[in-house]
Amino acid sequence: MNFLFRSVYGPNRTLLRALGRRQFSDSTAIKAKRNYAENVSEYNTVLTSIVTKRRYFLLRDVYDDMMLDGVQPTRDTFEALIMGTMRGARLQDAFFFRDEMKAMGLVPEVALYNFLISTCGKCKNSNLPIQILEEMKRYDVKPNGQTYVCLLNACAAAGRLEQVLAIVRDMTAAGAELNKFCYAGLIIAHMNKMPRADDIATKIIELAEQSKGWSSLEESGNTGNTMLGISEEELYNLPTAEFVHRRFFLYRQFTVYHVAFHACADLRNVEAIETLLEMLKKDGKTPDIFITMQIMRCYMRAGDIDRGVQIFEDYLKEGKLPVMELYVTLIEGAMIGYTPRGMQLAQETLVNMTSRNFFLNSKVGSDLLLAAAGEKTGGYTNANYIWDLMQSRKAVPSLAAAEAYYNGLKEREIPEDDPRLLLVSRTLHNLRSRFRTGPARPLPY
């Protein structure tokens, strides 16, 4: 009864939201046709499919339907829901499911608490993880090694360097050894602390050097999460998270190097990149694809397009595996500043990439479209070409990319009845209707 009362009259009004969306009928046939799941096993399958397809915004609706159908969620249900909200960086939904789970008498296990802390890191909220740790103590849920590394990286994502250093001191005082993910978090904390220190590049190189003492025995253990398809790189929100499952893309033992190269590329510090590259060679290692991308990014962000192109061409001449991300890195770098030469290089690379049967998906296409749409002068050739490539693959752009492209078209002398402008306008309207459905839900606590 308490649960029903809270569902109807609580701040999120779960049942009322569902009642407003679905219609009832006494006809069993109509109900069977309308429902996509009838029991908890089928609902769990639906949730797994949604997470796999990255349609995280549907998790809350599926849960509402589950409640409406009178299906009792299990621990596996909440595991899928909280894991999905972590991957989608949906902080309010994550804590909503946590509250629902507790209301049903289910105390989250340590892995789910780790997911919650990781979600906070994705959303750059460093206050909630501390409160989560206190809640774990109240419920007698013992934190594990991953919990503290999640906490460290969540604070690092928000630039809370002092807090990160305090966590490191507590870990070493307790006899714990820092592993590669701790060193990666320290680099990220230095990068995200604003204003950045003048000697930040030196600090990054020092941490990369210090990290060489870690061994495979110091891993925090990821057996349970691996079974769920979650790598530690994803759990700790590292820049390699989306590439870790790609074969031959990166060497996982290079974790600290990956974060260091990525940070120096963001800093546009060519000297630091070259120092890291020399360190890598002294260790008898060669750059993997991810590091090669960061070297290209650094040179091109620093304005040296020729050097970026040379690295790209040298990579292909060596007979290494061509990947779309290298083409995309070159295209993005070439469009920086929107110079005539850079935009021409970007267009040629797009054509070359397409000729090698690398096609734009929604994410990559949206990133490129967003970058190309910033061109204020010129013929808008690249933005139009990227849009056409996405349309040919029926790839839906992100809301931000569609808005930027639409605004760029409106700034040019294009008739209101132009077919391209009308299509972009209609796409933008659909995206706004889909993603801007109402005010944000209140934060937990």
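Biologist: Why are the side chains of Lys410 and Glu416 said to meet in a salt bridge?

Modeller: Their N to O distance is 3.0 Å, and a salt bridge requires a side-chain nitrogen of Lys or Arg within 4 Å of a carboxyl oxygen of Asp or Glu. The pair therefore qualifies. The model is a predicted one, in which local features need pLDDT of at least 70 and side-chain atom pairs count only at pLDDT 80 or more, while totals for chains, interfaces and linings use all residues. Residues are numbered from 1 along each chain as its sequence is written, and side-chain values use heavy atoms, with hydrogens and water left out.

Biologist: What makes Glu416 exposed and Lys410 partly exposed?

Modeller: Exposed means over 50% relative accessible area, buried under 20%, and partly exposed in between (1.4 Å probe, protein chains only). Glu416 has 56% and is therefore exposed; Lys410, at 37%, counts as partly exposed.

Biologist: How many salt bridges does the rule give, and which residues are linked in a network?

Modeller: The count comes to 21. Arg98, Asp99, Lys102 and Glu135 are linked in a network of such bridges. In general, side chains of opposite charge can pair when their charged atoms come close.

Biologist: Why is His258 called buried, and which residues does it touch?

Modeller: The relative accessibility of His258 is 1%, so this residue counts as buried. His258 is placed in helix 16; helices here are DSSP runs of H or I with at least four residues, strands are runs of E with at least two, and numbering starts from the N terminus. Contact means heavy atoms within 4.5 Å. Not counting residues up to four places away in sequence, His258 touches Thr240, Leu250, Tyr251, Asp288, Phe290 and Ile291.

Biologist: How do you know that the span of helix 8 agrees with expectation?

Modeller: The expected span is 1.5 Å times one less than the number of residues. For the 13 residues of helix 8 (residues 110-122) this gives 18 Å, and the end C-alpha atoms are 18 Å apart, so the two agree.

Biologist: What makes helix 8 mostly covered?

Modeller: Of its 13 residues, 10 are buried, including Leu112, Phe115 and Ile117. Just after helix 8, Lys124 takes a positive phi of about 55°.

Biologist: Which residues touch the most other members of the largest nonpolar core?

Modeller: They are Met353, Leu368 and Tyr405, in a core of 139 residues. A nonpolar core is a set of buried Ala, Val, Leu, Ile, Met, Phe, Trp, Tyr and Cys residues joined through side-chain atoms within 4.5 Å. Leaving aside neighbours within four places in sequence, Tyr405 is in contact with residues including Leu369, Tyr380, Trp387 and Arg420.

Biologist: What describes the protein chain as a whole?

Modeller: The chain has 25 helices and zero strands, and buried residues make up 48% of its 445 residues.
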